[in-house]
Protein chains: 2
Amino acid sequence: MILTVTLNTALDITYRVRGLRPHASHRVSEVTERPGGKGLNVARVLAALGHEVTVTGFTGGSTGRSVQEQLARAHGVVDALVPVGGPTRRTIAVVDERTGDTTQLNEPGPTVTPAEWAAFQEVYEDLLPSMSAVALCGSLPPGVPVGAYAGLVRTAKAAGVPVLLDTSGEPLRRGVAARPDLIKPNAEELAELTGSHEPLRATQDARRRGARAVVTSLGRDGLLAVTPEGRWRATPPTHIHGNPTGAGDSAVAGLLSGLVEHLPWPDRLSRAVALSAATVRAPAAGEFDRAVYEELLTPVSVTAA
Amino acid sequence: MILTVTLNTALDITYRVRGLRPHASHRVSEVTERPGGKGLNVARVLAALGHEVTVTGFTGGSTGRSVQEQLARAHGVVDALVPVGGPTRRTIAVVDERTGDTTQLNEPGPTVTPAEWAAFQEVYEDLLPSMSAVALCGSLPPGVPVGAYAGLVRTAKAAGVPVLLDTSGEPLRRGVAARPDLIKPNAEELAELTGSHEPLRATQDARRRGARAVVTSLGRDGLLAVTPEGRWRATPPTHIHGNPTGAGDSAVAGLLSGLVEHLPWPDRLSRAVALSAATVRAPAAGEFDRAVYEELLTPVSVTAA
């Protein structure tokens with residue numbers, strides 16, 4: 001069983017409109033809703049790969065109920081979300097049918113009280129012993145201390161559970177210092193952490209700050225991994241066009257599944273790159289085009305970096 | 001007790017953002033939610049005026065539950081909404097903090113099945129005998145027949161309950177032919193119905209099509225009434241600046257309360273104009289600034305038209 005943590009879960013809503021114009025009124029032609037937040041997207045991909053996954057984090061209000069109702073219908077995902085008084089945030093992606101471009105509106109999320117944060121930590125500690133790995137994903141909602149991920153990394157390590165951290169800014173900086181097994185920043189998050197825009201140098205620097213392994217996402221150019229077992233660059237065979245939302249979450253799912261299956265690093269990286277590319281081709285975050293995934297798995301190029 | 005019907009109820013959500021730009025990502029700084037749809041706005045104003053009100057129409061999904069939870073906290077409003085399988089629509093008003101301008105995104109609403117429509121008609125018929133007046137408000141959700149309001153007008157008249165119709169397009173055209181006691185079109189709805197852009201001529205024409213009385217909303221210029229008792233023009237003493245959303249719903253509440261209180265037409269019209277103006281000054285539809293309302297009630301000018 002794999003655990004994913006999403007402290008700022010979301011109800012992801014997608015609207016299709018014909019030409020978004022500020023200060024005008026728009027009829028939405030199509031509405032889709034799905035559980036969101038990075039950890040829930042990772043869980044959905046892991047479940048699709050055949051892994052058993054438990055999700056935790058916070059849920060509240062009628063939006064939280066919608067998230068949980070949809071999770072209950074997802075195969076292979078166990079709901080261990082912790083209730084909070086405030087409502088789970090909505091994110092609204094307004095897709096312009098004419099251009100395909102997306103305008104994003106993100107609610108801030110509920111303010112988590114100290115008692116709710118304490119209740120979460122207890123649930124987390126109780127879940128860990130039965131987990132083969134844990135992923136800590138995404139931003140922190142208001143009220144959760146900025147050092148939250150550092151504490152959760154330490155708890156996982158004390159329980160002997162490998163821990164992946166995928167966040168940004170100060171929560172990443174503090175989390176890295178707690179020595180997670182793996183971080184997966186993108187180039188921008190890495191530059192913010194290390195001050196360097198040179199990917200290899202910055203990735204090595206991030207390792208020195210405490211992460212056992214660092215896999216940097218270079219967008220279309222694939223992944224760059226610096227690990228105790230070696231350094232690799234994994235590149236997709238072709239540039240895939242589509243919607244990059246969720247590609248990073250699919251990479252996390254690829255790395256995490258490879259970790260619990262004890263795959264060699266090059267195989268973990270090919271899987272992560274092929275899953276990312278297959279997600280760019282799929283319509284929604286947390287989904288991937290299985291045919292594209294299987295087609296790309298072998299031709300991903302993995303070379304020593 | 002007054003009945004308001006809102007077939008396409010809504011959860012009205014307002015987002016405040018700093019500068020809406022298409023194809024960018026925005027952090028929402030403030031989220032407010034309230035029950036919406038014209039009939040629910042009318043009910044809220046009637047309740048604030050001290051009337052007992054029952055609301056009916058459709059409710060479904062987690063958005064419908066949110067609407068009902070908030071209605072339960074509103075004083076003087078009885079919830080007689082009828083459950084449907086699909087979710088109640090959301091409307092999202094994105095207010096740009098810099099300019100004060102609003103961008104509107106409206107979901108279409110649930111598709112109502114024939115069985116659900118039949119269930120509603122039964123509830124409506126059961127409610128009518130205890131009502132002193134009924135208002136039929138707003139657009140029709142998908143699945144409800146275009147002649148729906150015509151049928152509901154006939155049922156109200158058969159039960160001897162005065163009926164106000166506030167809608168547009170083909171549902172208004174068919175509804176007027178069923179001879180409602182009062183319609184309250186705005187200039188645009190009236191022009192669509194009659195083909196005339198000359199307010200007095202168009203208002204008279206609308207009466208000939210079947211409405212016992214027609215009160216046309218002329219926006220900032222107030223109301224024009226053509227009734228069996230006479231013709232009047234009611235004008236606010238000053239131009240009020242603010243958000244016109246909901247001003248029409250407040251006018252409906254003013255007219256309806258005046259009807260059940262058996263006020264003379266000029267008093268009904270002053271009340272409707274003062275309430276409209278007080279709503280333009282208030283932050284949300286279905287609310288009004290009581291001080292503005294009381295201040296404007298006397299100086300509204302009502303003259304023979």
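**Close-up 1. Polar contacts and salt bridges between chain A and chain B.** In this predicted model, 18 residue pairs, both partners at pLDDT 80 or more, are in polar contact between chain A and chain B. The count of salt bridges between these two chains is 4. Take the one between B:Glu69 and A:Arg65: its closest N and O atoms sit 3.3 Å apart. On chain A's side, the elements that give two or more residues to the part touching chain B are strands E2 (10–17), E3 (25–27), E4 (30–36), E8 (89–96) and E9 (102–106), plus helix H2 (61–72). E9(A) gives the most, with 5 residues.

**Close-up 2. How much of chain A and chain B gets covered.** Chain A and chain B bury about 2,600 Å² between them, and 51% of that is on carbon and sulfur atoms. In chain A, the residues that lose the most area to chain B are A:His23, A:Arg90 and A:Leu105, which together make up 23% of what that side buries. As for contacts, 32 residues of chain A meet 32 residues of chain B.

**Close-up 3. Helix H3 of chain A, with its two sides.** H3(A) runs over residues 114–127, and at 1.5 Å a residue its 14 residues should span 20 Å; the end C-alpha atoms are 20 Å apart, so the helix agrees with that expectation. Which residues of H3(A) are buried? They are A:Glu116, A:Trp117, A:Phe120, A:Tyr124 and A:Leu127. Looking down the axis of H3(A), these buried residues fall within an arc of 100°, so they line one face of the helix. What covers the buried residues includes strands E1 (2–6), E5 (53–59), E7 (82–83) and E10 (133–137), along with helix H4 (148–158), of chain A.

Close-up 4. Now over to chain B, where B:Gly57 is found in strand E5 (residues 53–59). Is B:Gly57 buried or exposed? B:Gly57 is buried, because its relative accessible area is 0%, and the cut-off for buried is under 20%. Leaving aside residues up to four places away in sequence, B:Gly57 touches B:Thr6, B:Leu7, B:Leu81, B:Val82 and B:Phe120. B:Arg201, on the other hand, is 144 residues from B:Gly57 in sequence and 34 Å from it in space, C-alpha to C-alpha.

Definitions and conventions:
Residues are numbered from 1 along each chain as its sequence is written. Chains are lettered from A and ligands numbered from 1 in the order in which they are written. This is a predicted model: local features need pLDDT of at least 70, side-chain atom pairs count only at pLDDT 80 or more; totals for chains, interfaces and linings use all residues. Side-chain values use heavy atoms; hydrogens and water are left out. Helices (H or I, at least four residues) and strands (E, at least two) are DSSP runs, numbered from the N terminus. The expected span of a helix is 1.5 Å times one less than its number of residues. Buried means under 20% relative accessible area, exposed over 50%, partly exposed in between (1.4 Å probe, protein chains only). The arc is that of the directions from the helix axis to the C-beta atoms. Contact means heavy atoms within 4.5 Å. Buried area is the accessible area (1.4 Å probe) that two parts lose on being put together, summed over both. A salt bridge is a side-chain nitrogen of Lys or Arg within 4 Å of a carboxyl oxygen of Asp or Glu. A polar contact is a pair of N or O atoms within 3.5 Å; within protein, one must be able to donate a hydrogen and the other to accept it, and residues adjacent in sequence count only if both atoms are side-chain atoms.
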